Each structure stands twice: as C-alpha cells, then as structure tokens.
4 protein chains.
Amino acid sequence: MFNIALFGAGRIGQVVHAVNIAEHPQTNLYSIIDPFADNANKIANKYGCKIQSVEEAMQDANVDAVLIASATDTHAELIELAAKAGKPIFCEKPVHLDMARVEQCLAVVEAQQVPLFIGFNRRWDPQFKQVSDRLSLGEIGKAESLLITSRDPSPPPAEYVKVSGGLFRDMTIHDFDMARFIMGEEPVSIYACGSSIVDEGIKAVGDIDTAFVVMKFPSGAMATISNSRRSGYGYDQRIELHGEKGVLTAKNLHEDAVELWTEEGCKYAKPEFFFLERYKAAYIAEWNHFVEVLNGQAIPATSGLDGMQALYLADKALESLQTGKEIQL
Amino acid sequence: MFNIALFGAGRIGQVVHAVNIAEHPQTNLYSIIDPFADNANKIANKYGCKIQSVEEAMQDANVDAVLIASATDTHAELIELAAKAGKPIFCEKPVHLDMARVEQCLAVVEAQQVPLFIGFNRRWDPQFKQVSDRLSLGEIGKAESLLITSRDPSPPPAEYVKVSGGLFRDMTIHDFDMARFIMGEEPVSIYACGSSIVDEGIKAVGDIDTAFVVMKFPSGAMATISNSRRSGYGYDQRIELHGEKGVLTAKNLHEDAVELWTEEGCKYAKPEFFFLERYKAAYIAEWNHFVEVLNGQAIPATSGLDGMQALYLADKALESLQTGKEIQL
Amino acid sequence: MFNIALFGAGRIGQVVHAVNIAEHPQTNLYSIIDPFADNANKIANKYGCKIQSVEEAMQDANVDAVLIASATDTHAELIELAAKAGKPIFCEKPVHLDMARVEQCLAVVEAQQVPLFIGFNRRWDPQFKQVSDRLSLGEIGKAESLLITSRDPSPPPAEYVKVSGGLFRDMTIHDFDMARFIMGEEPVSIYACGSSIVDEGIKAVGDIDTAFVVMKFPSGAMATISNSRRSGYGYDQRIELHGEKGVLTAKNLHEDAVELWTEEGCKYAKPEFFFLERYKAAYIAEWNHFVEVLNGQAIPATSGLDGMQALYLADKALESLQTGKEIQL
Amino acid sequence: MFNIALFGAGRIGQVVHAVNIAEHPQTNLYSIIDPFADNANKIANKYGCKIQSVEEAMQDANVDAVLIASATDTHAELIELAAKAGKPIFCEKPVHLDMARVEQCLAVVEAQQVPLFIGFNRRWDPQFKQVSDRLSLGEIGKAESLLITSRDPSPPPAEYVKVSGGLFRDMTIHDFDMARFIMGEEPVSIYACGSSIVDEGIKAVGDIDTAFVVMKFPSGAMATISNSRRSGYGYDQRIELHGEKGVLTAKNLHEDAVELWTEEGCKYAKPEFFFLERYKAAYIAEWNHFVEVLNGQAIPATSGLDGMQALYLADKALESLQTGKEIQL
C-alpha cells in the first residue's frame with residue numbers, strides 16, 4: 001500500500017484524485033496539502049487523512065509518492081521539492097508556463113533520478129487510446145491526416161484565463177500532446193490562427209477563445225486542431241485519423257442512449273458535460289498506470305519531456321499567431 | 001456500516017455483489033456462504049471476510065442484512081430463514097420457480113415484517129429508468145405500445161437450461177417485470193409464441209430459445225417482447241415506447257465510440273457483451289437503493305409481490321404457448 | 001413505346017403513377033379514366049393525354065396496358081374487363097376486400113392468360129430488397145425472427161377507414177406481403193392483438209388503430225408486425241431480421257442529413273413524411289419491372305395469388321383478433 | 001421550351017447535363033457540340049438532338065441558351081462567343097485557370113449584358129443549403145467556425161492532374177466557394193499546408209494530394225478546409241458550422257440505410273461513391289435555377305465574379321503553400 005500526499009484540494013483534487021487514490025486497492029490517501037484550510041478540511045474529513053504543510057509532507061518518511069494538483073504556478077517548485085525528497089511524482093500538466101523554468105525543473109528531477117509522470121489524461125481515454133492502438137495494428141495503413149476537435153462547454157472566468165498562460169498553453173496543450181501521441185512523430189512546422197469571438201471577458205484580458213492550428217510532420221502527414229472555449233452543447237472531444245485505407249474516428253460520448261422522436265424531429269442526449277464526466281475512465285487508468293510506476297512495473301508513459309514538448313508547441317503556436325507565419329520547428 | 005452476509009459465491013456473487021458491497025461506503029462484506037468451498041475461499045481471501053454456514057450467518061447478531069445470490073432453488077428457503085432471523089433481505093430473482101412455493105414464502109416474510117427486495121436489476125438501468133421517468137414527465141403523452149428486445153449473446157449450457165424453469169421463467173421474467181415497470185399497469189391478456197431454432201442443446205431438454213410475447217393492458221395499450229438465447233452480436237437490450245406524441249427509445253450501449261470507415265463500409269463496436277457489462281451501473285444503483293432501505297429511507301422498490309407477478313406472467317405465457325390461446329389474466 | 005390507360009386520377013394516380021408512366025422512356029400516358037372530371041382534367045391538361053370512359057379505354061386498340069389506381073371497390077371489375085380485353089394489368093393492392101370476389105376475379109385473369117401485377121410497392125424499396133438479397137447471400141445464415149414496424153404519420157379520415165376493409169386489410173396487408181417476401185415461406189399460424197387508442201374517429205367506425213401480429217413459419221422462424229395509424233413523427237418503416245449469425249436492419253430514411261447540437265441536445269430530421277416520399281424509388285422500380293413484363297422480359301413478381309395470400313392473412317388476423325385464438329393456417 | 005446547346009459530351013455532359021436538360025419540362029436538348037465524334041454521336045442518338053460545330057451552335061437562332069461542360073481550357077473562349085451571340089450561359093466551374101484570362105472574359109460578358117451562371121453545384125446540395133438557411137434563421141446565432149471536409153474516393157489519373165491547375169484550383173475551389181456561401185463574407189487572410197502522400201502519380205507531376213487550408217473573416221470567424229484526393233471509403237463531403245448557440249452539421253449521405261450486426265461488429269454502408277451520386281439532387285436544382293434565369297425569374301445565384309473570387313482564393317492558397325506564410329487578402 002502506497003501512502004500518497006495530495007497537493008491541491010481544489011475541484012480536480014476533490015472530485016478526481018482524492019477519489020481515485022482512495023479507491024485504488026494499492027494506494028492510500030495519506031495527507032492533503034492546500035493553503036485554503038476549508039478545502040483541505042473537506043478532504044481530510046471525508047477520507048480521514050492528515051492535513052500537512054508542504055514541508056511536513058516532503059519530510060514525512062511515510063509519504064511514498066506525491067500527487068500535484070495545485071495551482072499551475074506551484075507545480076515546478078513542488079516537483080523540485082519532491083524530487084529532492086526522493087518521492088515519485090504525479091503532476092498535472094503543465095510543469096510550468098515558462099519554458100526556461102520547465103528546463104530548470106526537469107534538470108533537478110533528472111539529477112535526482114525520481115520518476116515524474118505528467119498527467120496528460122486524454123492519452124488514457126479508452127476511445128483515443130483505441131485509435132492509437134488500431135493505427136498500430138495497421139487498420140488504416142499509414143497515417144495521413146489527423147483532425148482533433150476540442151471544445152469546452154462554456155468559457156472559464158476571465159480571472160482564470162488571465163493566469164492560464166493563454167489558450168494554447170492552457171487548453172490546446174492537451175491537443176498538442178494528443179497529436180504527438182497519435183502521430184508518433186514530432187511536427188516540423190506549425191501555424192495558428194485565432195480569434196476572440198465567443199467571450200468578452202477573454203477578449204478583455206487579451207486572450208483568444210477560438211483557434212485553428214495546423215502542423216506538418218516529417219512523414220508528410222498533417223494535423224489540425226480546432227478549439228473553442230464554448231461549444232454550447234457540452235464537451236466536444238473528437239478525433240478523426242485518416243490513413244491509406246480509410247479513417248478511424250473517436251466520436252463523442254453522450255450523456256445517455258435514449259432517443260425521442262416527435263413531430264419536432266429526432267432528439268438525443270448532448271455529449272458528456274465536461275472533463276470530469278468524459279475523462280472519468282481516463283483519470284482512473286492514468287492512476288493505475290502511476291501505481292505500476294510505483295511498483296517498478298512501468299516507467300512513466302508521459303514524462304517531463306512530453307510536458308516540455310507540448311509547451312514548446314504551444315509557444316510556437318503563439319509565435320505563429322503573433323507573426324502570421326508558419327513556424328519551422 | 002451494515003454487515004452483509006452474502007449467500008452465493010458464483011459468478012454474479014463474485015463479479016457483482018461482493019464488489020458492490022465492498023465498495024459502498026456504508027456496507028461491509030461480513031461473510032460469505034457457499035457450499036462450494038473453493039468459491040467461498042476465493043471471496044474470503046479477496047475481501048478478508050468470514051466463511052459461514054447458513055445457520056451461523058442466520059444466527060450471527062453481527063449480520064445486519066443478507067444478500068441471496070445462490071442457486072435459484074435455495075432462494076425461498078433462505079428468504080424464510082432470514083425473515084425468521086429478522087434480517088432484511090436482498091434476493092436475486094426469482095423467489096422460486098413454483099408459484100405456490102412463492103406464496104408460502106412471501107407469507108412468512110409478511111408475518112415477520114422484514115424488508116424483502118427482489119433484484120430486478122434492469123429497473124435500475126439508467127437508460128430504461130429514463131424512459132420510465134420521461135413517460136411520467138409527459139414527453140410522449142399516454143403510452144400506447146411498448147416493444148422490448150432482449151437477446152442474449154449466446155446460449156447457456158443445456159444443464160443450466162434444464163434447471164432454469166424454462167425461457168419464460170428464467171429470461172423473459174425480466175421483460176415481464178420491465179413491461180410492468182414501464183406501463184405502470186397489470187396486463188389483462190397474454191399470448192406467447194416460441195420456437196427451438198437456435199440451439200440443439202436447448203431443444204434436447206425440451207425448452208424454447210426464441211419467443212415473441214404480446215400483452216394487452218386495461219388502458220388498451222399493448223406490449224410485445226422479443227427474446228432469443230443467441231443474438232450473435234452481444235447483449236441486445238432495447239426498449240421502444242410509443243405514445244401519443246412520439247416514441248422514446250433506449251438504444252443499446254456499445255463497447256466503444258470508435259468508427260472505422262474503409263472500402264468495406266463503416267464499422268462500429270458491438271453492443272456491450274452481456275449483463276455484467278451492460279448492467280454494471282444498474283447493479284450499483286440497486287445496491288444503493290437497498291442501503292437506503294436498510295437506513296429506513298426507502299421501502300423496497302421491487303418487493304416479493306413484484307417477483308410473484310412476473311412469475312405469474314411467465315406461467316401464463318407458458319400456458320399460452322402450450323394451448324395456442326391468448327390467456328385472460 | 002407502350003400506351004398506358006391510367007384508371008384513377010386521385011392522389012396516388014397524380015403524384016406517383018402519371019409521373020412514372022410519363023417519365024419512363026418506354027411508356028406513354030395515353031389516357032386517364034376517372035369519374036371525377038376535375039381530377040381527370042388535371043392529368044389530361046398536364047400530360048396532354050386523352051380522357052376516356054372505362055368502356056372506351058378497354059375497347060381502344062391503342063391501349064397497350066392498364067394501370068388501375070382507382071377506388072378499391074372497382075379493382076376487381078376493372079381487372080376482369082381488362083383481362084377480357086386482353087390488356088396486361090398493373091393493379092394497386094388489393095384486388096378486392098372480399099376473398100371470394102378475389103378468387104372469382106383471378107379465375108377470369110387465369111382464363112384470359114393476361115399478365116397481372118399487384119403493386120406491393122415495398123418489395124421494391126431498395127432498403128427492404130437489400131435485406132432480402134443479403135439474407136439470400138447468407139450474410140446472417142438462416143432467418144430466425146423478423147420484426148416489421150409500420151406506423152403511419154397520422155390517422156386517415158374516418159370516412160376512409162369505414163370503407164378501407166379495416167386495419168389488417170388496408171394497412172397490415174403490406175406487412176403480410178413483406179413477411180412472405182422476406183421469409184420466403186408461408187406462415188402456419190397467426191395471432192393478432194389490437195386496440196383503438198389513437199383516434200376517436202377510427203374507434204367510432206369500429207376499427208382498430210394499433211396492432212401487434214405474430215406469425216410462425218414451418219421452419220420454426222417467427223415474425224411480428226407492429227402497426228399504428230399514428231406515429232407522431234413521420235412514416236416509420238423498419239425491418240429487423242435476425243438470423244444465425246446476426247441481424248440485418250433496414251432503418252428509416254430521414255428527411256435530411258443535417259444535425260443540430262445545442263444546449264437542448266442533439267437533433268436530426270424526422271423519418272420521411274409518408275409513402276409518397278419514402279417509397280418514391282420503390283414506385284419507380286416497380287414500374288420499371290412492369291415495363292419488363294410488357295416487354296416479355298419478366299413475369300409479374302407479385303401476382304394475383306400474392307394479393308390473395310396477403311388478404312387471406314389479413315382475414316385470419318381478424319379472426320384471431322375476434323376469437324382471441326392463435327389461428328392455424 | 002428553351003432549346004439548349006450542350007458543349008461537351010464527356011462524362012458529366014452525358015450523365016448529368018444531357019439528362020437534366022432532357023428531363024426538365026421547359027428545356028429541350030437541341031444540339032451537342034464535341035470535338036470527339038463518338039461522344040457527340042452517343043448523345044445525339046440517345047436524345048435525338050443535332051450535332052453542331054461551335055460556330056453553327058453560336059449562330060443558330062434556335063439555340064436559346066448554352067451549357068458549357070467541355071474541357072476547362074475552352075470555357076473562357078466559349079463564354080465569350082456565347083456572350084457575343086447574346087445567348088445566356090451556364091458554365092461549369094472554372095471560367096479559366098488564369099486569373100487575367102478570367103477578368104478579360106468577364107469583361108466581354110459584362111459588355112454583352114448576358115446572364116452567366118457558374119455551376120458551383122454544391123451550393124444546391126439540399127444538405128449544405130439547409131445549413132446556410134438555418135444559419136440565416138438564427139438557429140445557432142452568429143457563425144464562429146466552419147469546418148469543410150472534402151475528400152475524393154480515389155485519385156484521378158496523373159494526366160488529368162497535370163492539366164487540372166493543381167489541387168487548389170481544381171478541387172479546393174469548390175470548398176472556397178462553399179466557405180464564401182456559408183459565411184456570407186470574404187476572407188481577409190488565408191493559409192495553406194499541403195502534402196503529396198497519397199498518390200505517386202500526383203507527386204510525379206508536382207502537385208499535392210492532401211491539404212489543410214485556414215481562412216479568417218472580417219467578423220473574426222474562421223474556416224478550415226480539409227482535402228484529400230483519396231479517402232478510401234467513398235466521397236466524404238461534410239460541413240460543420242459552429243455558432244454562438246451550437247453546431248449545425250451536414251453529414252455524409254450513405255449508400256443505403258441497412259445495418260448488419262454480427263460477431264465482427266456493426267456495419268453500415270459507405271458514403272455515396274462520388275459526385276455523380278452525392279450531388280444528383282444538386283445538379284437538378286441548379287438546372288432548375290438556370291431555367292428560372294432563362295424565364296427572367298431570377299438572376300444567376302453564382303456569377304462570373306463568384307468564379308473569379310474562388311479562383312483568387314485558390315491562387316492565394318498556392319502562394320501561401322509556396323511561401324509558408326499566411327497571406328493577407
């Protein structure tokens with residue numbers, strides 16, 4: 001049984017990570033660390049775990065591993081502290097919004113030889129994973145073009161957007177990782193086009209809310225990403241992968257399988273509302289994977305380098321958006 | 001926390017009930033009772049629970065409730081013993097295959113004033129429940145005709161069929177309960193037509209493997225059930241409810257949401273394989289309900305009378321099959 | 001080029017048959033015969049064809065064939081007259097509502113050795129035909145159970161129902177023919193259950209508006225028909241054919257292929273409104289077939305005997321409904 | 001009745017235009033003009049029309065209008081001749097592959113005040129037209145992003161590609177027009193990325209066979225086009241239009257509505273094979289429109305300017321591809 005110290009008692013900490021740690025037969029929610037006492041208390045009361053300070057947790061010999069789900073700007077420091085304390089690390093993406101800071105942080109991890117897993121949850125989604133697996137099995141031959149659709153149900157608050165690092169680093173970063181995951185090669189060029197048309201608040205803080213990104217790969221294959229901060233109909237998460245013999249499509253999961261046909265037409269349920277619903281199975285699968293890492297049965301499927309590479313693509317997309325040029329990578 | 005004694009360590013006991021008892025925050029798998037020591041040991045080892053005899057479990061004051069998932073022919077006796085021991089009862093359908101025995105058993109339960117819940121799991125399926133709920137909300141007006149499709153992926157062994165009570169009592173019984181659940185009224189007539197065309201083994205033991213049943217209700221509404229012991233493409237579990245304003249359909253759940261389009265056509269995944277997959281959410285929901293019963297927050301949504309009524313319809317369907325007549329109820 | 005005399009300038013004559021005759025490269029709409037001068041004039045003006053009386057048409061040596069799409073109670077007499085005049089006959093179903101009258105009429109046709117084609121249009125629907133063809137190709141092995149859904153968008157006027165011969169002879173007759181067409185064998189038993197719940201007018205004239213029919217075939221296969229005079233969502237025309245290896249389903253054709261996803265859910269178009277839309281391709285295909293008959297390249301795919309057999313099943317369904325018994329055939 | 005001179009007896013002339021002219025109640029296929037006598041004879045024999053030279057047709061006072069479906073490099077000259085002869089013109093896209101030549105040609109048409117309709121058939125597709133209409137009706141609010149998918153079933157011969165003007169001018173030109181049609185505004189920037197990965201022959205002649213194009217519009221809305229010369233599964237023609245309230249999607253039309261479910265999974269028919277099948281209704285609708293133009297009831301919905309604008313976008317896409325820059329328009 002591994003004792004886990006959970007950093008961050010916010011929504012994803014409460015609804016996803018605390019639950020998955022507690023329900024896994026080999027992990028125990030040992031402690032919760034959060035500057036907001038209310039949130040920490042909520043989890044401590046529910047799961048009967050300790051409340052610790054950062055220092056206590058890092059120094060506690062009973063802590064077998066850490067799960068970092070705190071605010072983005074704390075990730076790099078917590079990773080370094082945990083690495084120095086010799087504790088295996090599960091960290092929500094991103095490591096940091098600044099590339100230089102990421103490199104510095106990864107150097108520390110490297111030096112300490114501690115396993116670091118970056119939580120790109122979508123790689124563990126059974127639908128997307130299947131697309132990748134079936135490509136490997138040759139069902140569509142060589143990959144030729146990939147279309148990734150990722151649209152949030154509704155815009156986040158402007159305050160969140162302000163500190164998010166912008167659309168590409170906050171939202172598209174998942175799609176950059178997905179493109180790398182599916183294509184199995186690194187892009188050689190990137191182009192981005194964006195707009196602020198869905199939310200006044202986002203526009204006011206100088207970010208875009210809608211984007212198209214195009215990437216080209218060494219094999220000649222191409223990928224496009226279509227993003228919006230507001231779909232209006234739930235969480236739109238689809239992949240379309242065209243190859244020599246045809247296309248593999250991962251469609252949305254819908255809220256239920258009931259249809260109503262009336263004079264008005266035929267109606268069925270919207271896509272699952274948001275990431276907590278849609279990626280429930282993915283979050284469990286990635287935690288199972290991390291436990292395998294703790295057991296020495298696997299090495300992290302997505303490392304700090306994956307986090308860095310996705311961030312690099314986000315930075316280059318931003319450069320393209322600002323210069324109106326296709327950027328060579 | 002309620003201590004549960006689980007009777008029956010067979011497949012459904014292992015894969016469904018032991019898991020759900022263990023995972024519910026308010027229930028504890030206290031003991032397992034099964035004449036086959038191997039099965040009992042398997043569960044005892046996995047969950048760290050006691051192995052008890054029937055008598056021990058019934059007399060053990062620590063046992064707060066019993067879950068009966070043993071062989072069908074033991075249900076009635078175990079129900080009576082538990083009722084006399086004052087323990088609330090969750091019992092898999094059916095109470096017994098013989099109607100007179102059912103009545104006798106329910107009389108004992110009645111006398112002891114013990115809660116008895118009969119596990120008609122499909123009522124708790126989110127899809128079917130939604131059809132019922134949306135009918136109540138008036139989405140299609142008054143119900144007019146109901147089509148229930150229930151087809152198993154592949155035939156059970158002939159030995160099972162031999163002691164199963166026959167297709168109507170073993171398989172269609174779920175559909176009879178579903179028809180009562182959806183329509184909210186008791187049928188006034190029933191007709192059944194059956195055939196032995198999918199499996200030689202079933203034919204050899206004198207049972208049918210394919211059937212159509214038609215029922216009429218006091219309101220004039222009608223229902224039809226279509227059954228087969230072998231679909232060839234997974235577990236086919238659908239409902240189509242026509243009303244004044246249109247139709248509500250609960251479609252199958254499929255194994256995944258990935259499509260492949262090639263020269264050969266467009267292909268997607270089969271329906272979920274069988275009841276363990278398809279009704280996973282339903283089994284959890286019915287256990288949640290039973291815990292509410294234990295907490296005194298609910299009375300059993302399906303009682304012994306529901307079990308009896310479904311069995312009665314099965315008996316009458318058989319009578320119709322044998323006489324070639326529509327039976328008045 | 002074959003000159004066709006068209007009997008009946010009502011809706012189906014105008015919208016379907018006149019058009020198909022006129023558009024076929026080998027047929028010419030030569031004359032229209034209808035007691036209602038207005039309707040006849042409409043067609044004559046549009047296509048520049050003659051208006052004739054029944055006698056004129058039958059005696060006119062220029063008329064190469066007749067198409068009977070007049071009121072049901074005129075069919076038998078017109079068939080006999082055409083047969084005696086030696087003119088090949090295309091007649092809308094049914095020959096007559098009275099079985100004895102049908103036999104008498106077919107005897108006349110038989111004696112005259114004139115080709116008689118009965119218009120069971122649905123056999124020519126590309127979807128249903130494909131189900132039949134793919135069954136023959138062995139895609140699902142031997143047929144085991146057939147489910148036919150046939151629901152009209154909205155009830156016909158009570159005056160029509162009064163002279164229609166009742167639901168089974170007017171509407172279900174198509175489904176009886178479809179069952180025979182798909183299964184390729186004659187049923188050995190039939191059961192029918194019906195209700196008057198969708199339309200007061202239909203109830204008032206003593207007919208049913210909703211029905212389930214079950215038939216059994218010599219092979220042990222079974223079929224069920226589900227009918228309603230009012231679906232509320234367009235014309236519901238589906239077939240589900242289960243066999244040894246799986247199921248072939250002909251789904252509805254919808255009005256278009258546009259979907260709208262919003263906060264309210266996902267919405268797509270209703271099934272095609274009614275038979276003129278849904279069976280447009282079928283009507284053209286059956287006319288092409290009849291022209292092949294005229295050319296001596298084919299014999300009628302559905303003869304008077306098919307019409308008689310479907311009527312026989314309708315009569316027996318009615319007998320079952322009235323006696324509450326499964327009828328042996 | 002309008003007498004039409006048809007220029008071009010190739011595939012589209014034979015299968016689409018000759019048929020539509022002949023079947024329209026107000027148009028008559030008067031003459032066919034084609035340098036290949038065999039093709040011209042085929043049409044003349046089938047429809048009983050004259051064979052004319054270009055000069056004869058242009059000077060024939062009986063010719064009421066011309067339909068130009070000949071080789072692309074003859075379009076501009078034929079348009080000019082017809083304009084000077086005062087004959088209304090229906091011309092397949094494009095006017096010419098060279099922009100300067102297009103301008104010269106349109107100036108002649110302008111001077112002669114003759115109606116010129118450019119056949120962008122997809123605007124008349126009932127699915128795409130409905131997306132446009134429902135956007136106008138406000139079903140999704142303001143348009144935000146448009147995704148156009150256009151993939152041919154299999155690559156054309158390299159000889160065709162060589163004289164086609166390249167992917168953007170030959171194939172994407174339809175999508176440029178579609179984007180303008182749906183969005184109702186002219187793009188302000190364009191970016192294109194392409195690859196030669198599906199066909200060696202296309203690569204050999206220096207063209208691309210796969211492309212992504214991104215355009216931005218004055219409103220801030222964006223559009224992307226995804227093209228391939230080979231889908232492997234039929235003609236893939238879809239549109240996805242996201243707006244403030246949700247998304248309108250025009251899905252593919254499939255060959256039929258029959259599904260097969262077996263042990264292997266669930267299977268349905270491929271998209272319609274190619275443009276002759278998919279756009280059959282569109283070709284008829286555009287001809288109906290042109291007849292309205294001839295009747296003075298409409299002005300051409302797509303004029304020479306539309307043809308020129310689509311060609312302009314194709315040229316700019318090529319410039320972007322060659323320079324790796326987003327081009328400002």
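1. A salt bridge here is a side-chain nitrogen of Lys or Arg within 4 Å of a carboxyl oxygen of Asp or Glu. By that rule, 4 salt bridges cross the interface of chain B and chain C. One is formed by the side chains of B:Glu240 and C:Arg238, at 2.8 Å from N to O.

2. This is a predicted model, in which local features need pLDDT of at least 70 and side-chain atom pairs pLDDT 80 or more, while totals for chains, interfaces and linings use all residues. Residues are numbered from 1 along each chain as its sequence is written, chains are lettered from A in the order in which they are written, and side-chain values use heavy atoms, without hydrogens and water.

3. Contact (heavy atoms within 4.5 Å) joins 40 residues of chain B to 40 residues of chain C. The two chains bury about 3100 Å² between them, 56% of it on carbon and sulfur atoms; buried area is the accessible area (1.4 Å probe) lost on being put together, summed over both parts. On the chain B side, B:Ile197, B:Phe212 and B:Met222 lose the most area, together 19% of what that side buries.

4. In chain D, helix H2 (residues 37-47; a DSSP run of H or I, at least four residues) has D:Ala40, D:Ile43 and D:Ala44 buried, that is, under 20% relative accessible area (1.4 Å probe, protein chains only). Seen down the axis, the buried residues of H2(D) fall within an arc of 100°, so they line one face; the arc is taken from the directions from the helix axis to the C-beta atoms. The face turned away carries D:Asp38, D:Asn45 and D:Lys46, which are exposed (over 50%).

Conventions: Helix = DSSP H or I, 4+ residues; strand = E, 2+ residues; numbered from the N terminus.
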